[in-house]
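Thanks for coming, everyone. Please look at the screen while I walk you through one structure.

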Amino acid sequence: MGRYGGGNYPNSPATSPPGLLSGIPSSREAILNHASRRPLRPFAYVVAAVAAIGGFLFGYDTGVISGALLFVKQEFQMSYVQQEIAVSSVLAGAVLGAALGGRLADLFGRRLMMILTAVIFLTFAFLTSLAQNAVQFMAMRFVVGLAIGVEALISPMYIAEVAPASIRGSLVTLDQLAITVGVAASYLVDYLVSPNWRSMFALAAIPALVLAVGMVLLPESPRWLVVRGRLRKALAALHRIDGKKVAQEELEQIEESIKEEKFSWREFLGTRWRKPLLLGVGLACFQQLTGINTVIYYSPTIFSLSGYGQAAAIGAAAVVGAINILSTIIAFLLVDRWGRRPLLLTGISGMVTSLLLLGVYLGYLHLGGSLLVLLLLFYVFSFAIGLGPVFWLFISEIYPSRLRGTGMSFCNVANWATNLLVSLTFLSLVQRLGMGNTMFIYAGMGVAALLFVYYLVPETKGKTLEEIEQMF
Ligand code: BGC
């Protein structure tokens with residue numbers, strides 16, 4: 001089950017794609033009913049696989065800094081604060097990208113924006129690798145962050161809009177999985193080309209080029225074309241994606257549902273949707289405040305601060321990336337059987353336990369070695385079976401179709417902003433309070449997250465999206 005997938009429930013409509021300020025309504029109910037009657041289209045898999053390269057770039061370009069930082073900081077003689085800014089500039093860009101992405105995709109189309117972001121990824125992969133000083137490096141990373149923020153919204157949105165509803169959940173899952181694969185690939189590249197940090201950034205140009213060329217060859221989202229009144233093009237896109245037999249009927253259904261569902265700020269900000277907004281934004285913040293990206297971005301730094309050599313530190317980080325992927329797959333297998341709450345509660349409990357042990361281990365026993373790696377792996381495993389995927393899934397379930405894009409965008413911005421806060425403060429906290437106490441702070445956030453989930457977050461497993469809507 002993916003971030004935006006909702007189609008796995010019995011009789012459930014698939015979910016709406018995200019998009020900040022995106023008021024474009026959804027056609028999913030109509031399409032879902034229809035989709036169950038038609039054969040699966042391999043072309044939809046091709047479309048999803050190409051678009052998921054965007055997710056891969058998101059993972060790669062956020063993860064690559066972890067290994068690169070060890071060498072960039074040496075070359076540019078960076079202070080702790082400068083290192084934090086170097087890591088965080090990409091996130092500041094992503095906050096802005098997440099805020100603008102939905103609107104840009106509504107104005108210019110998903111496909112064009114995906115091509116544009118791929119070109120930005122490509123260009124700035126090279127420009128980052130050519131940076132001559134810390135300021136240039138940070139500026140390049142900010143622009144890459146903008147592309148990540150836009151892409152993180154549009155690529156799953158595009159997949160969700162072109163996927164047949166019956167397989168939409170799993171197709172969108174490809175994007176989420178691609179993020180973890182991208183992170184792991186960045187660790188591997190860091191390891192293989194180390195200490196050549198310039199190549200680490202330049203290599204992102206390869207997937208960016210594949211994405212750009214792939215998107216040029218793919219059709220625009222039929223749903224967006226209908227919204228813009230380009231019915232002939234929409235029909236042509238539906239022909240390619242779903243075949244001639246059903247294209248006309250689908251077009252009519254999309255037109256019909258777009259008439260039915262209208263976004264309104266008044267409704268969105270009204271009292272009824274306050275709780276889902278609080279839940280989504282709350283989980284978005286806890287997903288970051290429990291410190292996952294200190295490990296994702298800084299794990300080689302953590303290992304080297306604990307006495308590992310640079311190459312061994314990057315190698316250990318690669319294992320972290322592999323566990324992240326495998327645990328995400330486990331979560332996808334369990335989430336519809338166990339439910340969201342058990343996974344969240346188990347996962348967060350595991351995070352709190354490992355953070356407390358890490359705090360004692362690093363702060364008081366001052367030890368490194370294989371137990372440190374094991375504790376970090378247990379922490380990443382706990383994140384990846386719970387807060388990691390379930391946050392994205394949950395925010396795709398709790399808003400009605402007409403409000404989902406905007407609701408999810410609020411959560412996206414909150415997620416990137418708290419990610420930025422944690423990344424900006426991590427090394428300073430370590431310097432001032434020590435690694436052990438820093439881990440205790442994240443453990444404290446984990447306890448708050450546990451209470452938040454236990455008392456406020458409802459179970460959504462097995463419910464149709466209409467039933468969930470009725471819960472609020
Ligand atoms: C989070 C990212 C994190 C990634 C790690 C995602 O769910 O939103 O911030 O880097 O998981 O796999």
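Start with Gly-109, which sits in the loop between α3 (80–108) and α4 (110–129). A word on names: helices are DSSP runs of H or I, at least four residues, and strands are runs of E, at least two, numbered from the N terminus. Residues are numbered from 1 along each chain as its sequence is written, and side-chain values use heavy atoms, with hydrogens and water left out. This is a predicted model, where local features need pLDDT of at least 70, side-chain atom pairs count only at pLDDT 80 or more, and totals for chains, interfaces and linings use all residues.

Is Gly-109 buried or exposed? Gly-109 is buried, with a relative accessible area of 0%. Buried means under 20% relative accessible area, exposed means over 50%, and partly exposed is in between, with a 1.4 Å probe and protein chains only. Leaving out residues up to four places away in sequence, Gly-109 touches Leu-104, Glu-220 and Trp-224. Contact here means heavy atoms within 4.5 Å. Gly-109 and Leu-225 are 116 residues apart in sequence, yet 7.9 Å apart in space, C-alpha to C-alpha.

Now the cores. A nonpolar core is a set of buried Ala, Val, Leu, Ile, Met, Phe, Trp, Tyr and Cys residues joined through side-chain atoms within 4.5 Å. The largest one has 138 residues, and Phe-137, Trp-197, Trp-416 and Phe-426 have the most contacts inside it. Helix α19 (residues 401–456) gives the most to this core, 17 residues. Another core lies apart from it, with ten residues, including Trp-224 and Val-226. Back to Phe-137: beyond its neighbours within four places in sequence, its contacts include Ile-65, Phe-76, Trp-197 and Phe-201.

Next, charges. How many salt bridges are there? The count is three. The rule: a side-chain nitrogen of Lys or Arg within 4 Å of a carboxyl oxygen of Asp or Glu.

Asp-61 pairs with Arg-141, at 3.8 Å from N to O. That pair links distant parts of the chain, with Asp-61 in helix α2 (residues 42–75) and Arg-141 in helix α5 (residues 134–162), 80 residues apart. Asp-61 is buried at 4% relative accessibility, and Arg-141 is buried at 0%.

Glu-75 pairs with Arg-198, with the closest N and O atoms 2.9 Å apart. Again the pair links distant parts: Glu-75 is in α2, Arg-198 is in helix α7 (residues 197–202), and 123 residues separate them. Glu-75 is partly exposed at 43%, and Arg-198 is partly exposed at 22%.

Asp-106 pairs with Arg-110, closest N and O atoms 3.1 Å apart. Asp-106 is buried at 4%, and Arg-110 is buried at 1%.

A cavity is a set of points on a 1 Å grid over the protein atoms alone where a 1.4 Å probe fits but cannot get out, and lining residues have an atom within 4 Å of a point. There are five cavities of 30 Å³ or more.

Why is α18 called largely enclosed by the rest of the structure? Because eleven of its eleven residues are buried. Among them are Leu-387, Trp-392 and Glu-397.

How values were computed:
1 Å grid on protein atoms, 1.4 Å probe; cavity = no way out; pocket = protein on both sides within 12 Å on 5 of 7 lines; lining within 4 Å. Points joined across faces, edges and corners; volume = space filled by probe spheres on them.
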